[in-house]
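I'll jot down what I look up as I go.

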There are 2 protein chains.
Amino acid sequence: MTTPYFDRLEACRRERGSALCVGIDPRIDRIPASLRGPDVRTTLERFGTAVHERTRPHAACWKPQIAFFEAHGLPGLTAFVHIVQTIRSSGGLVIADAKRGDIGSTAEAYAEAFLAPGGDFEADALTINPYLGRDALRPFVEVAAAHGKGLYVLVRTSNPGATDLQERALADGPKVFERVAEMVEELGAPHVSPVTGWSLVGAVVGATSPAALATVREALPRTPFLVPGLGAQGATAADVAAAFRSDGSGAVVNASRSVIHPAASDDDWPEAVTVAAREAAESIHAATAAS
Amino acid sequence: MTTPYFDRLEACRRERGSALCVGIDPRIDRIPASLRGPDVRTTLERFGTAVHERTRPHAACWKPQIAFFEAHGLPGLTAFVHIVQTIRSSGGLVIADAKRGDIGSTAEAYAEAFLAPGGDFEADALTINPYLGRDALRPFVEVAAAHGKGLYVLVRTSNPGATDLQERALADGPKVFERVAEMVEELGAPHVSPVTGWSLVGAVVGATSPAALATVREALPRTPFLVPGLGAQGATAADVAAAFRSDGSGAVVNASRSVIHPAASDDDWPEAVTVAAREAAESIHAATAAS
């Protein structure tokens, strides 16, 4: 039996003393000249593997955002596969940030793509979208459970538009995102690790709304979080403190642009990335220890 | 200036006398032996192009579901690209059914992938997910407007789980899907074709809930619909009538499994697909003419 993803993630977090997730969202025009290759595939591959190398001691996991690879067509997705496989083959954990969601049989196909062993796109965990309801989420849960993978359901995202739908109150009480949180709890309940106590169905809860973060943490004591919004999106390390248990477990905090595209010259890029990752990891650690 | 997608779609519908959208969701184990190739890429390519050939006189557009290709890794996506490009180069219209959705800059990357001219994945229209709110939808609208493309926002889906979230009433009155419908109307309002009167922001509204279909049609008189649920999902042609204007315009109705995997022997598959498409097109036509 494979060790569940969230147990492996917790081991990585302890070992590195870091709850940082490094988001790999490459902006092609910001990639240092020294990493550029003869074609976009090579450039993306060099960049993604360099980010991994430079952040390795300071990150619990990596989260390539597939949109920034898909935008470059098949060569871009070939680079995505290469980066995911390189990180995983060195023992690193990868969250495929693809926010997939569709009706039952189609959800099953997406789950096979990202969570079944041996496929090109196999990752350790996947982000998914709840708009279609529980029957659209269940196939992901089943495939993840079968293979020791993890999921992160979008609950309360970090963008301003989260207020359009997610923050709206339902007639029977909870807000839309709180209703989604209930679905997450229900779907994860049969899949709680006896080792760490974490369910395999995690939640994406943005750091840009600390109030929502605290609400969801209280409602979902055994749901691991993926917390975006740190850095370029404006949230501070203190904003994420509510995502964690008092033992420091329970969440990884994503930083993308502020780590992979730091304000530095091309020559200084490698060192600047390492410094940015280390500082992000330390500030998250300080905030959670102080909470 | 490119002719807007929904104007092109309306021309196709009139020319063929069909509002059928053929969903290309290949189940690999149901592909006839005669179409199987030496590898999964070849098999999918042969199947997808054969479906197009066999349904060409009877369909207004085609909707490959990317999940069923992504499940086969890079070779699967290579087949997806081949099928999309084959259909488009013969003048057929393609809706990429990918249900993408993410925050602003990431949404922009997805929009570039599927809607910008010249990319591997370029289609004529794209399905997108509204859970993240208006700022996550806007980049798609902007890219679509710049290139004469179309969008279909998930409003009320055809699966049973649509009741989990979409059918829930909000405290201030509308149901969640009605609130999404308002967002669709607002985003599309600046982009209404002077020729046909249709906005470039369409809606996915399932045929399995005729009541929801009628509600959304009334609320969104200038929003074109993509209506799934016909055939294998249980809706009848009569159920879709409410999606159309009295002149027969305003929607395409998707049928996938019932057309591409008809109950027929491998030898009879080509003819059975043509017959299934023709019958689906005729029954949709009859239902809308009678409404």
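How many aromatic pairs does the structure hold over all chains? I get 14. My criterion: rings of Phe, Tyr and Trp (its six-membered ring) pair if their centres lie within 6.5 Å, with planes under 30 degrees apart counted as stacked, over 60 as edge-to-face and the rest as tilted.

Before going on, a note on the ground rules: this is a predicted model, so local features need pLDDT of at least 70 and side-chain atom pairs count only at pLDDT 80 or more, while totals for chains, interfaces and linings use all residues. Residues are numbered from 1 along each chain as its sequence is written, chains are lettered from A and ligands numbered from 1 in the order in which they are written, and side-chain values use heavy atoms, with hydrogens and water left out.

**Entry: rings**

Helices (H or I, at least four residues) and strands (E, at least two) are DSSP runs here, numbered from the N terminus.

Cut-offs: buried is under 20% relative accessible area, exposed over 50%, partly exposed in between (1.4 Å probe, protein chains only).

In chain B I looked at B:Phe6 with B:Tyr152. The centres are 5.3 Å apart with planes at 85°, so this pair is edge-to-face. B:Phe6 lies in helix H1 (residues 5-16) of chain B and B:Tyr152 in strand E5 (residues 150-156) of chain B, so parts 146 residues apart in sequence are tied together. Both B:Phe6 and B:Tyr152 are buried.

I also noted one aromatic cluster formed by A:Phe69, A:Phe80, A:Phe114 and A:Phe121.

Next, charges over rings, where NZ of Lys or CZ of Arg must be within 6 Å of the ring centre and within 35 degrees of the ring normal. A:Arg217 lies over the face of A:Phe225, 3.8 Å from the ring centre. In chain B, B:Arg217 lies over the face of B:Phe225, again at 3.8 Å from the ring centre.

**Entry: helix against helix**

Two packed helices are described by the angle between their axes and the distance between the axes. I checked helix H4 (residues 73-89) of chain A against helix H4 (residues 73-89) of chain B: the axes come within 11 Å and cross at roughly 170°. Axes are lines fitted to C-alpha atoms, for helices over the stretch in contact, and angles run from 0 to 180 degrees between N-to-C directions. So H4(A) is roughly antiparallel to H4(B); under 35 degrees would be roughly parallel, over 145 is roughly antiparallel, 65 to 115 roughly perpendicular and the rest oblique.

Which residues make the contact? From H4(A) I list A:Leu74, A:Leu77, A:Thr78 and A:Val81, and from H4(B) B:Leu74, B:Leu77, B:Thr78 and B:Val81. Contact means heavy atoms within 4.5 Å. By class, the contact has six nonpolar, two polar and no charged residues (Ala, Val, Leu, Ile, Met, Phe, Trp, Tyr, Cys and Pro count as nonpolar, Asp, Glu, Lys and Arg as charged, and the others, Gly among them, as polar).

**Entry: single residues**

A:Val204 is in strand E6 (residues 201-205) of chain A, and it is buried at 5% relative accessible area.

A:Leu35 lies in the loop between strand E1 (20-24) and H2 of chain A and is buried at 13%.

A:Glu53 is in helix H2 (residues 40-55) of chain A and is partly exposed at 48%.

Last, backbone angles. Most residues other than glycine have a negative phi. A:Lys99, in strand E3 (residues 95-100) of chain A, has a positive phi of about 45° and is buried at 9%. B:Lys99 has a positive phi near 45° and is buried at 9%.
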